[in-house]
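This report describes the secondary structure, packing and charge pairing of one protein model. The sequence and the coordinates are shown first.

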Amino acid sequence: MEEPLVQVKNLKTYYPIKGGLLNRRMGDVRAVNGVSLDIQAGQTFGLVGESGCGKSTFGRSILRLQNVTSGEVRIDGQDILSLNREALVKARADMQIIFQDPYGSLNPRMTVRQIIREPLDTHEVGEKADRDAEVMRLLEICGLRKSVADRYPHEFSGGQRQRIGIARALALKPKFIVADEPVSALDVSVQSQVLNLISDLQAEFGISFLFISHDLAVVQHISHEVGVMYFGELVERASAEELYSSPKHPYTQALLEAIPQPLPGREKKKISITGDIPSHHDPPKGCPFQPRCPVAMPQCAEHKPPLKPLDTFSRHQVSCWLY
């Protein structure tokens, strides 16, 4: 197997908690707590979980849009966390992000032409005349008419704005894109159009995606491999086909069974999750899911289970003492 395009090892992103008269550090909010994963070239890795589990923080951390506490991130063999400012600017040409909010991610004072051209101008790609031609090409690729180039973001719908954001992310021909909840703010009819666009772009340009979402049905549609995140950690990881057909972790099972079914008469085995997510600055001693788990055992309260393969030859990994 080829070397993965993206390699993340034991990534931690903590936010300090300060207080008292001297504003001393009293603890940490462990937003991302030791996550490791890899993404092959031309593949999509779906990352799912409840709101507040650390998905978006993880995506921003591997692009160094967020300060990282510790760990290792390599994109196409380059150690991203060790780069100085100048080297990081150059490396950003290979890694981009599609933001969740198509309204807040575009500068309202810039035209579409200026928004998409900005990365090309910053990295001085080609001649100025060539950049305008590239803007027109990107608009066409993303399903927008060339005539909209001199209009402003407020003149577009949410789906059109997200297409503009995708065109901007594609401008530098990146190898890797973090798509942070890219369709959650869009109407259902528009979601499918944007998802199909992302799939088509991946097929045409071979881009790798980290696709972050809380919608498991969306992730199933677009991902090759899926990781389930809870409390800042991966609790299960498998191919999309295997995870959706044979989920192992009780948390994954509960998430999948919460997806509305098109066949109302079909019986489902219900797994109920009660209680709230534990405090990020005062985590439980053992498994972080133990206080809410319907099948928790005594050892779950004492020891955290490692994320490990189900067997020697399996890429299906789960963090649960049941296995």
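This is a predicted model: local features need pLDDT of at least 70, side-chain atom pairs count only at pLDDT 80 or more; totals for chains, interfaces and linings use all residues.

Strand 1 (residues 6-19) is joined to strand 2 by twelve bridges in the antiparallel sense. Within this pair, Tyr15 is placed opposite Val29 of strand 2. The hairpin of strand 1 and strand 2 has four residues between the strands, and Gly20 in this hairpin takes a positive phi near 85°. Five bridges, again antiparallel, connect strand 1 and strand 4; Lys9 has Glu72 in strand 4 as its bridge partner. Strand 4 (residues 70-75) is in turn joined to strand 5 by two bridges, and these strands run antiparallel. Here Ile75 stands opposite Gln78 of strand 5.

Another open sheet consists of eight strands in the order 6-7-8-3-9-10-12-11, and its pairing is mixed. Its edge strands, each pairing on one side only, are strand 6 (95-98) and strand 11 (308-309). Strand 3 (residues 44-48) and strand 9 (residues 225-230) run parallel and are joined by four bridges. Phe45 has Glu225 in strand 9 as its bridge partner.

Strand 7 (residues 176-180) contains Asp180. This residue is buried yet has no salt bridge. Which side chain of opposite charge is nearest to Asp180? It is that of Arg60, 4.1 Å away. A salt bridge requires a nitrogen-oxygen approach within 4 Å. Leaving aside residues up to four places away in sequence, Asp180 touches Ser56, Arg60, Ile98, Phe99, Gln100 and Ile212.

## Helix 4 and its surroundings

Helix 4 (residues 128-141) has 14 residues, which at 1.5 Å a residue should span 20 Å; its end C-alpha atoms are 20 Å apart, in agreement with that expectation. Gly143, which follows helix 4, has a positive phi near 80°.

The buried residues of helix 4 are Arg131, Glu134, Val135, Met136, Leu138 and Leu139. They pack against helix 3 (112-122) and helix 5 (158-170).

## Nonpolar cores

The largest nonpolar core has 58 residues, of which Ile116, Leu139, Ile164, Ile166, Leu170 and Phe211 touch the most other members. Helix 6 (residues 188-205) gives the most to this core, contributing six residues. A second, separate core of 28 residues has Cys53, Phe58, Leu63 and Ile80 among its members.

The contacts of Leu170, apart from residues up to four places away in sequence, are with Leu138, Cys142, Ile177, Leu201 and Ile207.

## Salt bridges

Side chains of opposite charge can pair when their charged atoms come close. How many salt bridges does the structure hold? The total is 19. In one of them, Arg237 pairs with Asp38, with the closest N and O atoms 3.1 Å apart. Arg237 belongs to strand 10 (residues 233-239) and Asp38 to strand 2, so this pair ties together parts that are 199 residues apart in sequence. Arg237 is buried, its relative accessible area being 5%.

Glu50 and Arg292 form another salt bridge, in which the closest N and O atoms are 3.2 Å apart. This pair links distant parts of the chain: Glu50 lies in the loop between strand 3 and helix 1 (55-62), and Arg292 in the loop between helix 9 (250-257) and strand 11, 242 residues apart. Glu50 is partly exposed, with a relative accessible area of 23%, whereas Arg292 counts as buried at 8% relative accessibility.

A further salt bridge, at 3.2 Å from N to O, is formed by the side chains of Asp132 and Arg117. Asp132 is in helix 4 and Arg117 in helix 3, 15 residues apart. The relative accessible area of Asp132 is 24%, which makes this residue partly exposed; Arg117 is buried at 16%. Both residues belong to a network of salt bridges that links Arg113, Arg117, Asp121, Arg131, Asp132 and Asp150.

Technical notes
Residues are numbered from 1 along each chain as its sequence is written. Side-chain values use heavy atoms; hydrogens and water are left out. The expected span of a helix is 1.5 Å times one less than its number of residues. Buried means under 20% relative accessible area, exposed over 50%, partly exposed in between (1.4 Å probe, protein chains only). Contact means heavy atoms within 4.5 Å. A nonpolar core is a set of buried Ala, Val, Leu, Ile, Met, Phe, Trp, Tyr and Cys residues joined through side-chain atoms within 4.5 Å. Lys and Arg count as positive and Asp and Glu as negative; His and the chain ends are not counted. Two strands pair if DSSP finds at least two bridges between them.
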